[in-house]
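Good morning, colleagues. Please look at the structure on the screen while I take you through a few of its parts.

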Amino acid sequence: MNVISKNLVLSGIGVELQPMLEEHIPMLLTVASEKRIWEHYPFDGSIAARLDKELKKSLAKKEKLKQFPFIIKKKAEEKIIGSTRFLNIDLENRNVEIGFTWLHPDYWATGVNTECKLLLMTYCFEELDLERVQYKTDELNIRSRKAIEKLGGQFEGIHRNDRLRDNGTYRSSAFYSILKSEWESIKQQLMERVKQY
């Protein structure tokens, strides 16, 4: 069974994904301060103390091989512009979820997200030899759902009231997946899109 290297770096044309370290947190808190990033998340990450708690929790889960958080660096500008991660890592069953992806709004609809997902899925399917990559998002987050569908994600259904928000209400999540058998054609499409940005 393949394992994820703790020093894993994924480098593309415009972005580089580096393992998140505690020293990255202050910059991530600054980048995340735009409230609109967090509209569909279960918590408001523009509140520094709340996001700090979440990022440290993810680093602790990395130690237990449950998550793997990355920073997203824009190569040309040499600056952190967001974060993404592997979640629900289940290498025994060759499954992983890609999620908790957020970017500063300056980089929305720029191709950055597409390249990040291309790098992550290439690693999942071609290095880890996984069978399935999962995505999930707020059922009401139409922008995110369309982005996942453009990545090739196949809609699997809604998990009702599966995430408790900080405000005590529940959200329902839309689940998508991509299988290894679908990857090659999806990869070609994503590579063409990345070339154009």
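Predicted model: local features only at pLDDT ≥ 70, side-chain atom pairs only at ≥ 80, totals over all residues.

Just after helix α2, L65 takes a positive phi of about 60°. Helices here are DSSP runs of H or I of at least four residues, strands are runs of E of at least two, and both are numbered from the N terminus. Residues are numbered from 1 along each chain as its sequence is written, and side-chain values use heavy atoms, with hydrogens and water left out.

Let me stay with helix α2, residues 48-63. At 1.5 Å a residue, its 16 residues should span 22 Å, and the end C-alpha atoms lie 23 Å apart, which agrees. The expected span is 1.5 Å times one less than the number of residues.

Which residues of α2 are buried? They are R50, L51, D52, E54, L55, S58, L59 and K62. Buried means under 20% relative accessible area, exposed means over 50%, and partly exposed lies in between, for a 1.4 Å probe and protein chains only. Among the elements that cover these buried residues are β2 (15-19), α1 (25-31), β3, β4 and β5.

E54 of this helix counts as buried because its relative accessibility is 11%. Leaving aside neighbours within four places in sequence, E54 is in contact (heavy atoms within 4.5 Å) with F43, R85 and F100.

I turn now to the strands. Nine of the twelve residues of β4 (residues 79-90) are buried, so this strand is largely enclosed by the rest of the structure. Strand β3 (residues 68-74) pairs with β4 in the antiparallel sense over seven bridges; pairing requires at least two DSSP bridges between two strands. R85 in β4 is the bridge partner of P69. Four residues lie between the strands of this hairpin of β3 and β4, where E78 takes a positive phi near 55°.

Strand β5 (residues 95-103) also runs antiparallel to β4, joined to it by six bridges. Here, L87 has E97 in β5 as its bridge partner. The hairpin of β4 and β5 has four residues between the strands, and R94 takes a positive phi near 60°.

Finally, the cysteines. How many disulfides does a search of the whole structure find? It finds zero, a disulfide being a pair of cysteine sulfur atoms within 2.5 Å. The sulfur of C124 is 13 Å from the closest cysteine sulfur, that of C116, which is too far for a bond. C116 counts as buried at 0% relative accessibility, and C124 is buried with a relative accessible area of 0%.
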